[in-house]
Amino acid sequence: MRVKLRRLREAHGYTQQTFSAVVGASRTHYTQIETGDKQPSLKLALRIKRALNYYGDDIFDNTMPVRK
């Protein structure tokens, strides 16, 4: 799961449905991106990052920190 992507979307007040409409993707496709099942195209990735005002490279990182 792409936790950072989900948290950023939620922090901006978007549901998956409203955010997918903003970036021009179906909700199903966006959900698959957020869960890590699919990779976004470069064009869609840039639209997602712009919509969230996020310019780092780790937004689509699937790794989660290990807790001890």
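Author: Let us begin with Arg2, which is buried and yet has no salt bridge; the nearest side chain of opposite charge is Asp61, at 7.4 Å. Please keep in mind throughout that this is a predicted model.

Reader: How buried is Arg2, in terms of relative accessible area?

Author: The relative accessible area of Arg2 is 0%, and a residue counts as buried when that value is under 20%.

Reader: And where does Arg2 lie relative to H1?

Author: Arg2 belongs to the segment before H1.

Reader: Which residues is Arg2 in contact with, if we leave aside its neighbours within four places in sequence?

Author: With those neighbours left aside, the contacts of Arg2 are Ile33, Glu34, Gly36, Lys38, Gln39, Pro40, Ile59, Phe60, Asp61 and Asn62. For a sense of distance, Arg2 and Tyr30 are 28 residues apart in sequence, and their C-alpha atoms are 12 Å apart in space.

Reader: Which residues of H1 are buried, and what covers them?

Author: The buried residues of H1 are Val3, Leu5, Leu8 and Arg9, and their cover includes H2, H3 and H4. Just after H1 comes Gly13, which takes a positive phi of about 80 degrees.

Reader: Changing topic, how many salt bridges does the structure hold?

Author: There are five salt bridges in the structure. One of them joins Lys4 and Asp58, whose closest N and O atoms are 2.7 Å apart. This pair links distant parts of the chain, with Lys4 in H1 (residues 3–11) and Asp58 in the segment after H4 (42–51), 54 residues apart.

Reader: Which residue does Glu10 form a salt bridge with, and how far apart are the closest atoms?

Author: Glu10 forms a salt bridge with Arg6, and the closest N and O atoms are 3.7 Å apart. Glu10 and Arg6 both lie in H1, four residues apart, which is about one turn of the helix. Glu10 is partly exposed, with a relative accessible area of 41%, and Arg6 is partly exposed as well, at 24%.

Reader: Where does Arg9 come into this?

Author: Arg9 also forms a salt bridge with Glu10, with the closest N and O atoms 3.9 Å apart, and Arg9 is buried, its relative accessible area being 5%. Salt bridges that share partners join Arg6, Arg9, Glu10 and Glu34 into one network.

Reader: Could we step back now? What does the secondary structure of the whole protein come to?

Author: It comes to four helices and zero strands, in the pattern α-α-α-α when read along the sequence. The radius of gyration is 11 Å, close to the 11 Å that the globule rule gives for 68 residues, so the protein is as compact as a globular protein of that length.

Reader: What box do the C-alpha atoms fill, and what share of the residues is buried?

Author: Taken along the principal axes, the box is roughly 40 × 20 × 20 Å, and buried residues make up 32% of the 68 residues. The protein exposes about 4600 Å², of which carbon and sulfur atoms supply 53%.

Reader: And among contacts between residues at least 6 apart in sequence, what share joins residues at least 24 apart?

Author: That share is 57% of those contacts.

Conventions:
Residues are numbered from 1 along each chain as its sequence is written. This is a predicted model: local features need pLDDT of at least 70, side-chain atom pairs count only at pLDDT 80 or more; totals for chains, interfaces and linings use all residues. Side-chain values use heavy atoms; hydrogens and water are left out. A salt bridge is a side-chain nitrogen of Lys or Arg within 4 Å of a carboxyl oxygen of Asp or Glu. Helices (H or I, at least four residues) and strands (E, at least two) are DSSP runs, numbered from the N terminus. Buried means under 20% relative accessible area, exposed over 50%, partly exposed in between (1.4 Å probe, protein chains only). Contact means heavy atoms within 4.5 Å. Lys and Arg count as positive and Asp and Glu as negative; His and the chain ends are not counted. The radius of gyration is taken over C-alpha atoms; the globule rule is 2.2 Å times the number of residues to the power 0.38. Accessible areas come from the Shrake-Rupley method with a 1.4 Å probe; for residues, only the protein chains shown count as cover.
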